[in-house]
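Visitor: Hey, can you walk me through this one? I'd like to go through it bit by bit.
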Amino acid sequence: MQDAQNRPDPDELLDRVKEEAAEALRGELKIFFGASAGVGKTCAMLAAAQQEIRQGRAVVIGLLETHGRQDTEAMAAGLPRLPLRSIVYKGRNLTEFDLDAALAHAQTHDRALVLVDELAHSNVAGSRHPKRWQDVEELLAAGVDVWTTMNVQHLESLNDIVSGITGIPVWETVPDQLFDRAHEVVVVDLPPDELLARLKAGKVYIPEQAERAVGSFFRKGNLLALRELALRRTADRVDNEVLAYRRSAAVGQVWPHREALLACVGDGAGADKVVRACARLATQLGIQWHAVHVDRPVTAGGGAHVAQQAFKALKLAEQLGATVATLSGRDVAQTLVRYAREHNLARLVMGRRSRRWPWQAALSDQVLALSDELDVLQIALPHGIRAAVDRMRGRDDLWTLDWRAYGLAVLACVVTAILASPLVSRLELSNIVMLFLLTVVGVSLRLGRGPAVLAAFVGVGLFDFFFVQPRFSFAVTDVQYLVTFAVMLCVALVVGQLTAGLKAQAEVATLREQRVRALYGMSKELASALLTQQVAELGQRFIRAEFGMPATLVVADDAGQLHDIPGGNALVDRGIAQWAYDRSQPAGKGTDTLPASPSLVLPLKAIMRTRGVLVVEPPPSLWMGPEQRQLLETCASLLAISLERIHYIDVAQASSIQIESERLRNSLLSAISHDLRTPLASLVGMADALELTSPPPSEAQKQIGQSIRQSALRMSALVSNLLDMARLEAGAVQLNRQWLPLEEVVGSALSSCATLLDGRPVQVKLDGDLPLLHLDSVLFERVLVNLLENAAKYTPSGTAIMVGGRRWGGEVRLTVEDAGPGLPVGKETSIFEKFERGMKESATPGVGLGLAICRAIVQAHGGVITASNRPEGGACFTIALPVGQPPSDDGSQLSWSPESGGEA
């Protein structure tokens with residue numbers, strides 16, 4: 001029996017074979033892993049690659065980041081390199097890893113190995129993949145082996161921890177799944193003092209960068225913390241590998257290579273003390289721990305108070321950080337040992353309790369008898385708790401007895417004796433014994449375990465009384481009949497218990513299969529639901545069918561307000577529903593929050609956010625065990641995912657409509673703009689030609705010609721704005737950026753607006769220490785011209801205009817201010833939208849495109865433009881541009897970040 005329980009699951013074996021077949025087609029990934037830059041990952045990778053070359057393997061460098069270090073370049077000598085791909089980005093030629101060249105090289109070489117340094121870095125815009133690790137994924141999928149390097153701060157799961165330790169955000173990360181699926185991880189470690197010495201010696205960065213690094217990222221405390229994280233993360237990966245090997249090799253014994261605890265949550269009031277004690281031990285030792293409860297078929301459905309205590313203890317363990325599970329098994333000790341061996345848990349923590357029966361061994365003794373490699377830690381329970389547990393068990397057993405079933409068991413035995421009495425002269429006594437055994441089997445099938453035990457004893461007594469000489473008395477003339485009675489009793493007890501146990505397990509399996517089928521049917525119907533009302537109806541129908549209780553779906557809108565879906569029949573308490581939604585935690589009946597409420601509220605937690613709550617109203621007599629609660633939470637998860645899917649379908653449809661509308665409008669604007677430019681230019685030319693006609697035109701004719709010319713020029717400027725806006729939104733404008741002084745651009749804009757600003761005082765105040773800015777002079781001049789023109793349009797004649805510039809931290813702020821009426825209140829942001837004007841009805845010409853063009857150009861430069869009203873009156877437009885790093889005199893540029901360093 002024990003060998004059958006330890007036998008591997010055929011489905012698991014089949015899945016494992018499929019996974020191994022899929023992995024065999026992939027390339028092998030080897031990661032040289034370190035705590036920080038400078039520990040020697042790149043050098044370790046190159047040294048190993050040189051060894052592979054000597055063994056005749058086709059090794060090629062796909063990308064190597066040496067950062068100008070000569071010793072790293074020397075180690076790469078003799079290794080062939082793939083040519084890098086040249087990409088033009090913002091007018092500059094940049095080089096990047098050539099993925100296609102690596103794939104082509106692998107096709108012509110057997111067992112090709114490609115070295116790709118610095119796995120976490122981002123690719124240059126225009127590459128096939130935005131991240132370098134995605135290039136590596138494609139190589140692995142094509143069957144190419146890859147060696148690479150990475151630091152611990154680039155792991156996605158540890159990103160926030162590293163940022164909190166060092167105070168420096170790390171933007172480039174690698175998914176943990178890729179790290180865990182790597183064929184091999186080589187830890188390259190270096191003590192912090194030695195790393196700092198190498199850093200000061202210039203073996204990691206050039207001296208200027210090294211000095212900044214030591215003062216920010218490379219502090220000794222940071223290095224110690226990063227080193228511990230790297231070693232712990234590698235240990236976790238090795239532990240997962242050991243567990244996977246144990247399962248694949250069907251290892252039965254526990255290997256205590258790493259400390260871990262298993263809290264055995266039993267029945268009754270002492271379970272929470274066991275959980276808390278195990279949590280304290282796990283925290284003190286800094287190890288993982290599990291908490292399990294064995295739900296036996298013999299007690300399934302009975303003892304609600306005891307089961308509720310165990311369920312609350314499991315919830316407490318989950319809150320304290322344990323891995324929680326509810327197991328099903330007839331033998332508690334065997335179930336616990338099997339779980340401990342599957343998860344390689346060497347120490348079990350359980351409460352010390354008294355025996356219920358003198359002949360029954362304690363649970364700890366049963367566990368130790370089944371496995372000699374497990375340690376059992378017993379938590380002392382006070383005598384009052386043990387007595388309370390025993391009384392609770394006895395009270396539950398007493399009140400849950402089905403006396404009618406026991407009466408039917410006795411009646412069945414009596415009927416068997418009556419029916420067999422006429423056959424006593426025709427049948428052997430052994431055959432009559434079979435009739436009583438058959439009765440015991442029937443009782444166990446129909447009435448359960450307890451009545452089967454009673455039927456076994458009653459059957460032996462009736463057999464002795466009616467069929468054994470002397471008949472109609474319990475006296476026995478032949479001592480051999482005592483053996484017959486003993487064997488008959490033992491066989492009846494064993495057969496009855498086995499039959500009842502198998503029936504209970506079959507009922508539990510059938511119930512679970514029905515629930516899984518119901519969940520599958522529900523998920524299948526939810527996949528085709530397109531409306532929120534349909535999702536609510538499906539959820540209510542499932543809960544009514546499986547649990548027999550009403551339910552109501554409450555959905556949150558974009559503003560976080562909850563709204564009931566019509567058709568629900570469960571009472572909704574707004575306060576509890578809002579609390580559960582805001583905190584994404586269950587509330588109401590059966591929880592620690594407002595447990596006196598008649599309703600249970602479950603949050604609908606989807607991938608992106610909580611979509612609402614599910615309100616169910618259990619009957620007062622219904623207590624939901626762990627399985628029922630888990631089924632209800634699974635239903636809530638399916639409903640949440642369906643609601644999120646419907647939400648994003650609506651978002652996608654709205655976005656598609658908006659994109660098509662914008663595309664149509666831009667195409668229309670572009671077509672109109674091109675078609676109008678030619679006739680407008682002709683009108684301007686003809687207006688100029690009127691003044692050259694002979695005889696000369698009269699004064700009235702000259703005024704008409706000037707009006708035609710000005711109107712045509714104004715219309716031409718409007719058409720130019722329309723065309724520029726269409727080109728900017730289509731991304732057809734390429735910036736020609738140069739390092740320029742801000743004074744030059746401002747002066748050029750003022751010269752262009754000299755006629756428009758005639759008669760208006762212009763005050764220019766630019767700080768003398770302004771750095772060079774990386775600008776497209778033509779486009780940025782257009783921004784200033786539009787702002788100056790806007791100030792001239794909406795202010796009275798003679799009003800002063802102020803242009804200022806100053807450095808503010810890591811950016812330069814340029815302001816254009818006037819002393820006019822200012823901006824309408826509440827429109828400081830909306831005026832930058834297309835076709836939005838400050839005053840809807842105004843004699844001032846324009847269609848509201850100038851500020852929209854300004855925002856598009858400023859954003860293309862990586863800046864931000866804002867508008868506000870001045871306290872003393874007038875409008876103020878502020879442009880914030882980032883301060884870059886201008887090229888030095890020798891053409892080189894020095895920059896450093898904790899992510900950009902390679903290894904020496």
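Visitor: What does the accessible surface of the chain come to, and what percentage belongs to carbon and sulfur atoms?
Guide: The chain has about 47,000 Å² of accessible surface, with 56% belonging to carbon and sulfur atoms; areas come from the Shrake-Rupley method with a 1.4 Å probe, and for residues only the protein chains shown count as cover. Keep in mind that this is a predicted model, where local features need pLDDT of at least 70, side-chain atom pairs count only at pLDDT 80 or more, and totals for chains, interfaces and linings use all residues. Residues are numbered from 1 along each chain as its sequence is written, and side-chain values use heavy atoms, leaving out hydrogens and water.

Visitor: OK, new topic. How do the axes of α5 and α6 cross?
Guide: Helix α5 (residues 99-107) and helix α6 (residues 132-141) have axes that come within 11 Å and cross at roughly 20 degrees. Axes are lines fitted to C-alpha atoms, for helices over the stretch in contact, with angles from 0 to 180 degrees between N-to-C directions. Helices are DSSP runs (H or I, at least four residues), numbered from the N terminus.

Visitor: And which residues meet there?
Guide: Leu 99, Ala 102 and Leu 103 of α5 meet Asp 135, Glu 138 and Leu 139 of α6.

Visitor: What about Leu 435, where does that sit?
Guide: Leu 435 is in helix α18 (residues 429-447). Its contacts, leaving aside neighbours within four places in sequence, are Thr 416 and Ala 420, where contact means heavy atoms within 4.5 Å.

Visitor: How far is Gly 459 from Leu 435?
Guide: Their C-alpha atoms are separated by 9.6 Å, and the two are 24 residues apart along the chain.

Key: Helices (H or I, at least four residues) and strands (E, at least two) are DSSP runs, numbered from the N terminus.
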